Structure formats: structure tokens, C-alpha cells
Amino acid sequence: MTIEEYITNNSEPEDTLLTELSRETHLKVLMPRMLSGHIQGKLLEHFSKMIKPVNILELGTYTGYSAICLSKGLQKNGKLHTIELNEELEEIASKYFQKSNLTNKIKQYFGNALKIIPKLDIKFDLVFIDADKREYPQYYKAIIDKVNPGGYIIADNVLWNNKVIEDKKLNDLYTKGVKYFNKFVNNDPKVENFILPLRDGLMILRKK
């Protein structure tokens, strides 16, 4: 038994609907490892339930797994706003939002997040960043003033397959984006931060 299996076996089981969504994603969509998955999904769900957000912003819908998890902590009249660049993913995500009875709690946007964010006249209690790693610094700068004091930002993949600790010079813009983001937020007096080494790393930020 691996430690991952032990963790899974001693954690609350994955929702049946999320298991179905995961299976369909693996069967039909490229790069299914982008899915949050059971344990990370449970973490997002619990963070949301602790924060009890009125408004959540998600950058990178993919097939909707993380959005469903995050939505479970929304207040009664709360809303999750999720932005995805790839319109081809709308069918699967929308189907599972409907199956989860979350259609009235989730608003989907399609296009470039950096063009959509400025148009959102909303203050957020929780933000989940899981989109183009090259743009992480720009995402952060675009959303930080839209986060309520005491609100949280969670950024996925901040260890980026451990490439962030490689000494050699990289022409990889994805790794550069993640490394710059990590350094920038660590020195930003607007937030408190730490990296949680779950899966590919989660940066947890609390706005002061």
C-alpha cells in the first residue's frame, strides 16, 4: 500500500457524481491529470466550508470538478464565477453542474481571464487559480484588489513538477511564470502565505 492509497482509504469517499465526472474526463478529455481529483477536491471543499464565501472566483474551469467542490461551501445566496479559455469543455462542465443542482450557483465565462476579470464588479471571499501558469503573476495582480480583506486565494501547481527548484536556466515560460508568482506573493505585504505540498503544490494566500 502506498501513502496515497492510505490517505484515500482514510478519507471521506469521493462523491459518486464526482467519480463519474472524473471517469468521463479521463475517457474524453486531453490531459486528465489537470483534474483536481478526490483528495485535493476534498481540501477545496473544506476550505470553502470554513470560509463560507458569498462569492468565489475560479480561473480554469476545465471539466468542473473543482467548481463543484468549491460550491459546497457557498452561502445560501452565494455564487461561483468560473472562467475557462477552452469553450469545447463547456458541454461536460455544464452537464455536471446541472446534475449537481448547481446551475443557479455557478456562472460560467469563456475567454481570456485577463480580459474578463476587469469586467467583474464583484468582491470575492475565495479565489482559486488553476489556469495558464505563464499568466499566474498577471492573474494575481488582476484579482488582488477584488478580494475582500480576510479573503483567500488558492493557487494550484506552484511546485510545477518540482521544476521550481531546478538550478539550470530554463526557457520554459510556464516554470518561469510559477517561480515569479511564488516569489512575488511571498514578498507582497498585502497577503500572508504558505505553500501546502499536496500533489503539485498549493499556494495559500490570505489577504490582510
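This report walks through the overall build of a predicted model and then turns to its aromatic pairs.

## Overall build

The chain folds into eight helices and seven strands. Its radius of gyration is 16 Å, close to the 17 Å that the globule rule gives for 208 residues, so the chain is as compact as a globular protein of that length. Along the principal axes, the C-alpha atoms fill a box of roughly 45 × 45 × 30 Å.

Of the 208 residues, 49% are buried. Among contacts with a separation of 6 or more, 70% join residues 24 or more positions apart.

The accessible surface comes to about 11,300 Å², and carbon and sulfur atoms account for 53% of it.

## Aromatic pairs

Now for the rings: the chain has six aromatic pairs. In one of them, the ring centres of Tyr-140 and Phe-181 are 6.1 Å apart and the planes meet at 75°, so this pair is edge-to-face. Tyr-140 sits in helix H7 (residues 136-143) and Phe-181 in helix H8 (residues 173-186), so the pair ties together parts that are 41 residues apart in sequence. Tyr-140 is buried, at 1% relative accessible area, and Phe-181 is buried at 1% too.

Tyr-180 and Phe-184 make a stacked pair, because their planes are at 25°, with ring centres 6.0 Å apart. Both lie in helix H8, four residues apart, or about one turn of the helix. Tyr-180 is partly exposed at 42% relative accessibility, and Phe-184 is partly exposed at 31%.

Definitions and conventions. Residues numbered from 1 in each chain as written. Predicted model: local features only at pLDDT ≥ 70, side-chain atom pairs only at ≥ 80, totals over all residues. Heavy atoms only, no water. Helix = DSSP H or I, 4+ residues; strand = E, 2+ residues; numbered from the N terminus. Rg over C-alpha atoms; globule rule 2.2 N^0.38 Å. Buried < 20%, exposed > 50% of the residue type's maximum accessible area, 1.4 Å probe, protein only. Contact = heavy atoms within 4.5 Å. Areas by Shrake-Rupley, 256 points an atom, 1.4 Å probe, with all protein chains shown as cover. Phe/Tyr/Trp six-rings, centres within 6.5 Å; stacked < 30°, edge-to-face > 60°.
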